[in-house]
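The stops go from helix packing to the cores and then to some particular residues.

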Amino acid sequence: MLIFEKSRRGRHAGAHLPPASAAVDDLPAHLLRREPAPLPEVSELDVVRHFTQLSQRNFSIDTQFYPLGSCTMKYNPKACHALVRSPRFAGVHPLALDGAGQGTLACCFELQQMLAEITGMAAVSLAPSAGAQGEFAGVAIIAAYHRARGDSARTEMLVPDAAHGTNPASATMAGFAVREVPTDATGDVNLDALRSLVGPHTAGIMLTNPSTLGVFERRIGVIAEIVHGAGGLIYYDGANLNAIQGKTRPGDMGFDVIHLNLHKTFATPHGGGGPGAGPVGVSAALQPFLPLPVVARRNGQGYRLLAEGDLPQSIGRLTAFGGNIGVLLRAYVYARMLGRLGVTRVAEFAVLNANYLAAKLRQAGFDPAFGERRATHEFIVTLRTLARDHHVTAYDFAKRLLDYGIHAPTVYFPQLVKECLLIEPTETESKETLDHFAHILAMLKQEAETEPERLRQAPHSMPVRRLDEVRAARQPDVAYTARRPLYPTSTD
């Protein structure tokens, strides 16, 4: 039942909204409502039950296993959220940061330093408010670098065919033509193809290492030599940093610019549309082009935000004020909780869990996409044999897993692997959880071979069954239309 359908005239919750601002009195009369907004009138208990019951229908990290590949859906410590909610942080007005927000700026400055150390970059800007915006910032920095050198011929950005879909989108938004680089049979970038594509028109290449194929790019040093030798730069998509943090650094691999997904790797819940943060780090040569603001330390007089006068070659501002400060502070608290050794242990256990689960699924008869390679923090199994012999797809597996209280892995990405499941258990899951997941997948494989129609009709236990997803996307119906008076009497 919709909350509108629970409405009864005159019923209200115990808590009241604060008085309307005096500014309302200054609004023109034609902009003011002539009658109350058609909102439901319900008790506080009705509100609590309604939204609690809705939340219980959701899948979340706090309630279910969530092995969504390339997304790092891991548990985020509640202490990070609690500390950030402190009025000493949350109560600071953005315009007062340089004065009353010195503690916040100090934390952000130290976070910049920690992220620079973890990634091997010379400097970091915390401004971008999402991973995709961090991508765009990184590519825009590459464009600004070439423009500053008067090299207008560099109009192409190379993107591997296994890249995240946002990579070519970001490059296109920055004004580049995208050239696709194929992957070889082992999951690495095809070096011969790369050599044939680079030239005086090459602005750079966008890479994720480990890649979305779940393997580490073994010849990254050679790739750096090829691209740098042609005058291009190398961008690192930090979506998969959870696999290598503390073990190796993009800067040491030869990368010139990197973005980070703090909402994947550093303790902000990922998914649901936000919030996020996508800081961008650069080598020394690219530091003048960082997006604003950047936190700097005054000479013994606290901290301040650098502006256009400080970095005249900056690509500009991407967000209001200092970005998503709440997300940045969560990352700061998380990094402090982990310490240098803890950051390394995150990567070690993320890789250990992925390889353990990959071995369990291989024993259960699943086909790894790159079985000869060691998994990083994630890996791919392909269901193409089941699809061919029993007409059961990765999509069917994804829907059937819901019946067992497990969110599906990523399906059909990367598109290089047919009927793929991209599985990332993260470092926060226990051996018992991984064993349970492997057991359920083995059961579904047997079910696909003996009762395939049961998978094709899944899910069976959810509030709704399979939906027409194309119609839902193209013809969404999200507006409430009352089927009866919004304010019925108690006798209705």
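Axes here are lines fitted to C-alpha atoms, for helices over the stretch in contact, and angles run from 0 to 180 degrees between N-to-C directions. Helices (H or I, at least four residues) and strands (E, at least two) are DSSP runs, numbered from the N terminus. This is a predicted model, in which local features need pLDDT of at least 70 and side-chain atom pairs count only at pLDDT 80 or more, while totals for chains, interfaces and linings use all residues. Residues are numbered from 1 along each chain as its sequence is written, and side-chain values use heavy atoms, with hydrogens and water left out.

**Helices H5 and H12**

Select residues 102-119, which form helix H5, together with residues 325-363, which form helix H12; these two helices pack at an angle of about 50°, and their axes are 9 Å apart. Angles under 35 degrees count as roughly parallel, over 145 as roughly antiparallel, 65 to 115 as roughly perpendicular and the rest as oblique, and H5 and H12 are therefore oblique to each other. H5 passes H12 in a left-handed crossing, a term for the near helix being turned anticlockwise from the far one by less than a right angle, with right-handed used if it is turned clockwise.

By class, the contact of H5 with H12 has 12 nonpolar, one polar and four charged residues, where Ala, Val, Leu, Ile, Met, Phe, Trp, Tyr, Cys and Pro count as nonpolar, Asp, Glu, Lys and Arg as charged, and the others, Gly among them, as polar.

**Along H12 to H15**

On the H12 side, colour Asn 353, Tyr 356, Leu 357, Lys 360 and Leu 361, which meet Lys 431, Leu 434, Asp 435, Phe 437, Ala 438 and Leu 441 in H15. Seven nonpolar, one polar and three charged residues make up this contact of H12 with H15.

**Helices H6 and H7**

Move to residues 131-148, helix H6, and residues 166-173, helix H7, whose axes come within 9 Å and cross at roughly 50°. These two helices, H6 and H7, are therefore oblique to each other, and H6 passes H7 in a right-handed crossing. Ala 132, Glu 135, Phe 136 and Val 139 in H6 meet a set of H7 residues that includes Thr 166, Asn 167 and Ser 170.

**The nonpolar cores**

Which residues have the most contacts inside the largest nonpolar core? They are Leu 111, Leu 194 and Leu 262, in a core of 57 residues. A nonpolar core is a set of buried Ala, Val, Leu, Ile, Met, Phe, Trp, Tyr and Cys residues joined through side-chain atoms within 4.5 Å; buried means under 20% relative accessible area, exposed over 50%, and partly exposed in between (1.4 Å probe, protein chains only). Centre the view on Leu 111 and, leaving aside its neighbours within four places in sequence, display Leu 126, Leu 262, Leu 328, Ala 331 and Tyr 332, with which Leu 111 is in contact. A second, separate core of 28 residues includes Ala 123, Ala 143, Ala 163 and Ala 203.

**Backbone details in the loops**

Select Asn 209 and Pro 210, which are joined by a cis peptide bond with omega of about 5°; Pro 210 sits in the loop between S4 and H9. Another cis peptide bond joins Leu 292 and Pro 293, with omega of about -5°, and Pro 293 is in the loop between strand S7 (280-282) and strand S8 (294-297).

Then pick Ala 267, which has a positive phi of about 75° although it is not a glycine. Is Ala 267 buried or exposed? Ala 267 is buried, with a relative accessible area of 0%. His 391 likewise has a positive phi, of about 55°, and is not a glycine, but His 391 is exposed, with a relative accessible area of 56%.

Definitions and conventions:
Contact means heavy atoms within 4.5 Å.
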